[in-house]
Amino acid sequence: MNQVPYIYSGAISNKTISEVYVGEEPAKIIEVEGDKGFWYAISDIKDVQVKIVKNGGTQEIIEEFE
């Protein structure tokens, strides 16, 4: 999307990811099937930082996603 609001989303392929943040806001996580899932968030900010939190607290910034 190129207009406000912006939708950020991605797939989760295993259960090691416990949380996803878009900027400071937590994304919604939907369990789809088995270890698979999907996350999404709506933001008024373009090009916001996306961070995943893995089980155990390890954090990782997502540099690029589709």
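A: Strands are DSSP runs of E with at least two residues, numbered from the N terminus; by that reading, Y40 lies in strand β5. The model is predicted, so local features need pLDDT of at least 70 and side-chain atom pairs count only at pLDDT 80 or more, while totals for chains, interfaces and linings use all residues. Residues are numbered from 1 along each chain as its sequence is written, and side-chain values use heavy atoms, with hydrogens and water left out.

Q: Does Y40 count as buried, partly exposed or exposed, and which residues does Y40 touch?

A: Buried means under 20% relative accessible area, exposed over 50%, and partly exposed in between (1.4 Å probe, protein chains only); Y40, at 30%, therefore counts as partly exposed. Taking contact as heavy atoms within 4.5 Å, and leaving aside residues up to four places away in sequence, Y40 touches Y8, S9, A27, K28 and I30.

Q: Which residues make up the largest nonpolar core?

A: A nonpolar core is a set of buried Ala, Val, Leu, Ile, Met, Phe, Trp, Tyr and Cys residues joined through side-chain atoms within 4.5 Å. The largest one here has 11 residues: Y6, Y8, I12, V20, V22, A27, W39, A41, V48, V50 and I52. Its largest share, 3 residues, comes from β1.

Notes: Helices (H or I, at least four residues) and strands (E, at least two) are DSSP runs, numbered from the N terminus.
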